[in-house]
Amino acid sequence: MNMITSSSLVFSFLFCLMVSMLLLPLPSHGADPDPLQDFCVADLSASTSVNGFPCKPVSKTTSDDFFFDGLSKEGNTSNPLGANLTAGNVLAFPGLNTLGISMNRIDFAPGGINPPHSHPRASESGVVIEGKLLVGFVTTNNVFYSKVLSAGQMFVIPKGLVHFQLNVGEGKALAFTAFNSQLPGAVVLPLTLFASTPSIPDQVLTKALRVDKDVINTIRSKFGF
C-alpha cells in the first residue's frame, strides 16, 4: 500500500467518524450536572455562577452545612390561596449546591391550592403526608391527568409541565415534594400573566385570552396591580 492510498484511507475514516458524531444524538442531562467533588457548600454571598454557586472553603465547612430543619415547621396558610410553600432549595440549604436535588414542604388549609405552575429545570415527585389532595397536570398536547391522593400516596410531575395541588379534604393537608435540581424554579401562571414587572400589554392578554380589557384589569386588581 503506497503513502497516497494510506492517507486516503485515514482521511476517509476520519470523515466517516465526524459524520457519525454529527448524526448521532448528543448526550443530554435530565437534571443538574453531576458534581466533580464530594461536596460544594454554596457561598451565598458570592454571585451565582453557571449552574450553581461558588464553593465555600472546605476549611470553613461544618456539620451544620449538611442539615436543614426548615421543613419541620408548619407554614402560615392565612392568605388568599390558603396554602404555604416552604422551599428547601440551595438558597435555603447551601449544602445542596451542585448535588442536583431539593425538596419543598406545602401546607394547605381546607380548600387551599398550590396554583397552576411549572418547574422549568426539574421533574417533581411528591408524597401526601396528611389530608386529601387533588393533584393534576396538563401535557403539551393539552391532555389533563389527575387523581385524588390521600396520606402515603405519591405522585410525579414530568419536567416543565403545568400542574397544581388542591386540598379537597375537610381538614388541613400536607405534602412534601422533591426535585432533581438544586433550584428547580417556578413559573406560577397567574403571577406570570397578571403580576409581571412591567406588565404584559393589555392587547396581548385580551387577544390571547379572548376577553375584554375590563376583565384583564379586574384580574390584575386581585394581585395588587
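Modeller: Let us begin with the annotation, keeping in mind that UniProt positions are given here in the numbering used for this chain, and that such annotations may be inferred rather than shown by experiment. With that caution, the unreviewed UniProt entry lists N104, N114, H119 and E124 under "binding site".

Colleague: What makes these residues gather at one spot?

Modeller: They span 21 residues in sequence, yet no two of their C-alpha atoms are more than 13.9 Å apart, so they are taken to gather at one spot. The lining of the largest cavity includes N104, N114, H119 and E124.

Colleague: Why does N104 count as buried?

Modeller: The cut-off for buried is under 20% relative accessible area, and N104 has 8% relative accessibility, so it counts as buried. N104 has its place in strand β2, residues 102-108, and, leaving aside neighbours within four places in sequence, N104 is in contact with residues that include L71, L85, G88, A175, F176 and F179. Over the chain of 225 residues, buried residues make up 30%.

Colleague: How do you know that β3 and β8 pair?

Modeller: Pairing requires at least two bridges between the strands, and β3 (residues 113-118) and β8 (residues 162-167) have 3, in the antiparallel sense. Within this pair, N114 stands opposite Q165 of β8. By the criterion of at least two bridges, β3 and β10 also pair, with 2 bridges in the antiparallel sense, and H117 has V188 in β10 as its bridge partner.

Colleague: Why are β6 and β10 called edge strands?

Modeller: The open sheet has 5 strands in the order β6-β5-β8-β3-β10, with antiparallel pairing, and β6 (144-150) and β10 (187-188) each pair on one side only. The chain as a whole has 4 helices and 10 strands.

Colleague: How far does the predictor's confidence reach along the chain, and where is the pLDDT below 50?

Modeller: This is a predicted model, with a mean pLDDT of 88 on a scale from 0 to 100, and 84% of the residues reach 70 or more. Over residues 19-29, however, the pLDDT is below 50, and beyond near neighbours in sequence this stretch has 1 contact in the model.

Colleague: What share of the contacts joins residues at least 24 apart in sequence?

Modeller: Among contacts between residues at least 6 apart in sequence, 68% join residues at least 24 apart.

Terms used. Residues are numbered from 1 along each chain as its sequence is written. This is a predicted model: local features need pLDDT of at least 70, side-chain atom pairs count only at pLDDT 80 or more; totals for chains, interfaces and linings use all residues. Side-chain values use heavy atoms; hydrogens and water are left out. Contact means heavy atoms within 4.5 Å. Buried means under 20% relative accessible area, exposed over 50%, partly exposed in between (1.4 Å probe, protein chains only). On a 1 Å grid over the protein atoms alone, a cavity is a set of points where a 1.4 Å probe fits but cannot get out, and a pocket is an open set with protein on both sides within 12 Å along at least five of seven lines; lining residues have an atom within 4 Å of a point.
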